[in-house]
Amino acid sequence: MNDKETLLGIRRGIEKESLRALPGGGLALTPHPLALGSALTHPHITTDYSESQLELITGVHAGVDEALRELTEIHQAVYRALADERLWVSSMPCGLPADETIPIGRYGSSNVGRAKSVYRMGLGQRYGRRMQTISGIHYNWSLPGVSTEGYFGAIRNFRRDGWLLLYLFGASPALCDSFVHGRDHGLQRLADHTLYLPHATSLRMGRLGYQSDAQSNISVTYNCLESYAASLQDALSRPYPAYEAIGVQTPGGDYNQLSTSLLQIENEFYSTIRAKRVIRSGERPLHALRERGVEYIEVRLMDLDPFEPVGIGADTIRVLDAFLLHCLHGESPDDTPDEIAANARNQHAVAARGREPGLMLEHWQGGERSLQDWAAEIIAGCRAQAEALDAAHGGNAYRAALERVAERLQRPELCPSARVLAVMAQDFDDSHIGFIRRQSDATRAALLALPFPDELQQRFEKMAAESLAEQARIEKADTLGFEEFRRFYVAPERMAV
């Protein structure tokens, strides 16, 4: 499958979340800036969980540099609309207010817009709003000619080996203590308001991140599309007692959540990687997958890299391409419940202790392997894919990227997580907020200093205006009452084929 034409057919897109922060390092509580258009309908600029959390979305690109160029242009347009606010360059949040003060995303008065807000209200009820302010990078990836079965094989291997990406690219070893206020957290205090773990790589992907006791009840297998879809449909249909106690609505008629099932919608399922398919207007994602198969995969465990202006660099993307090809071409036996549990333990171990000398992991073929030995074996498999990519593209960009990143196995101090702690210690009295605030300021200045031609400015202004007009059109076209719309949207039969 590694012929030149196929490899040149790789397509990628990037989604990047960032909190809007004030100059002092606190969360900006202002509404989504009107100059950025409608968060409901803008093709490239929306919000994630919070009104204060931007999500920037590129189109689909054949080239690594083209994807990064568009992501940079979107950042430039955003910064020109933000006045004195800046995008927080860490995955772990800036200084947070009380949980109930964090504003959830608002998308207007249409049924679909209200449903997005009610879904976020439900996430806040279920997991707390602070957990939702974590930000990351999602990398969407496809290769021509890959079947649904092929993508599921790649997903199984990704879940076995994905801990390596946390080691190589994790950049959240510390956090502001406002994130865990009032919670048991198991972290060590490094300085006033800063907590950390000395060998952590990605606290975002560990026990303090996107975790849910309720979701541990979901037994999702990735062995085939139908078993995957059936297990998700069960979670989307099965009432969960703790969520039934919350109720869909308050006695006064306000909405608490979209449903009382274990998952309100498909996106609530936390996973390091997802099988995806572009959906049609109003379509449930599960229905789209069942009817038309997997179209691409979404990698969801990448931290924002505070040392990269847009949170991710070309070397990282090229290593991801080689790693995903390695996952796709490797032998991929069916998963088992025991293996899935071991994968989760490995993820948590590397997130919390990945740079710890001599760390041992549970190998899916049985027994324990040292992180170093297992990682070297995976990198060797990626090297063959990097060579194939370089042969297709010409040059040696993929091999060079892999070799630079692979050096982090022998020299853990080169890992972004170690670099974050080193700069915090050297220049900021171990203050996480102090370092990230300075890095956010510097990133803002660098992006504002880049050329931004008038035609680009006009293109983004036109997109913003068109998105606001489209939101108004959607609102005007609604005919159902919201409760009728909600019942229709969550109906189990809409997930079937």
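At what angle do α9 and α11 pack, and how far apart are their axes? I started my notebook with that one.

**Entry 1: ground rules**

I am working from a predicted model, where local features need pLDDT of at least 70 and side-chain atom pairs count only at pLDDT 80 or more, while totals for chains, interfaces and linings use all residues. Residues are numbered from 1 along each chain as its sequence is written, and side-chain values use heavy atoms, with hydrogens and water left out.

**Entry 2: α9 and its helix neighbours**

I found α9 and α11 packed at an angle of about 105°, with axes 8 Å apart. That makes α9 roughly perpendicular to α11. My angle classes are: under 35 degrees roughly parallel, over 145 roughly antiparallel, 65 to 115 roughly perpendicular, and the rest oblique. The axes are lines fitted to C-alpha atoms, for helices over the stretch in contact, and the angles run from 0 to 180 degrees between N-to-C directions. Helices (H or I, at least four residues) and strands (E, at least two) are DSSP runs, numbered from the N terminus.

I listed who makes the contact: D321, A322, F323, L325, H326 and H329 from α9, against I378, G381, C382, Q385, A386 and L389 from α11. Contact here means heavy atoms within 4.5 Å. By class I noted 7 nonpolar, 4 polar and 1 charged residues. For that tally, Ala, Val, Leu, Ile, Met, Phe, Trp, Tyr, Cys and Pro count as nonpolar, Asp, Glu, Lys and Arg as charged, and the others, Gly among them, as polar.

Next I looked at α9 (residues 314–329) with α12 (residues 397–410): the angle is about 100° and the axes are 9 Å apart. These two are therefore roughly perpendicular as well. On the α9 side I have D315, R318, V319 and D321, and on the α12 side A397, Y398, A401, L402, R404 and V405. This contact has 6 nonpolar, no polar and 4 charged residues.

I also checked T316, which is in α9. T316 is buried, with a relative accessible area of 11%. My cut-offs are under 20% for buried, over 50% for exposed, and partly exposed in between (1.4 Å probe, protein chains only). Beyond its neighbours within four places in sequence, T316 contacts F169 and M302.

**Entry 3: the cores**

Which residues touch the most other members of the largest nonpolar core? I got I14, V78, W141, F158, W163 and L164, out of 114 residues. Helix α11 (residues 371–393) gives the most to this core, with 10 residues. I use "nonpolar core" for a set of buried Ala, Val, Leu, Ile, Met, Phe, Trp, Tyr and Cys residues joined through side-chain atoms within 4.5 Å. There is a second, separate core of 30 residues, including I102, V180, L187 and L421.

Leaving aside neighbours within four places in sequence, its contacts include L56, L71, Y139, I312 and I317.

**Entry 4: strand β5**

Are the faces of β5 (residues 137–142) covered or open? Both are covered: I137, Y139 and W141 on one side and H138, N140 and S142 on the other are all buried. In a regular strand the side chains alternate between the two faces of the sheet.

I counted 6 bridges joining β1 (residues 11–21) to β5, running antiparallel. Another 4 bridges join β5 to β10 (residues 296–302), also antiparallel. I137 has M302 of β10 as its bridge partner. Two strands pair if DSSP finds at least two bridges between them.

**Entry 5: the three-strand sheet**

I found an open sheet of 3 strands in the order β6-β8-β7, with antiparallel pairing. β6 (174–176) and β7 (188–191) are at the edges with a single partner strand each, so one side of each is left without a neighbour in the sheet. The twist averages 40° from one strand to the next. β6 and β8 (residues 194–196) pair over 3 bridges, and A174 has Y196 of β8 as its bridge partner.

**Entry 6: loops**

H193 sits in the loop between β7 and β8. Its phi is near 70°, a positive value in a residue other than glycine. At 52% relative accessibility I call H193 exposed.

D430, in the loop between α13 (416–427) and α14 (432–449), has a positive phi of about 65° although it is not a glycine. At 22% relative accessibility, D430 counts as partly exposed.
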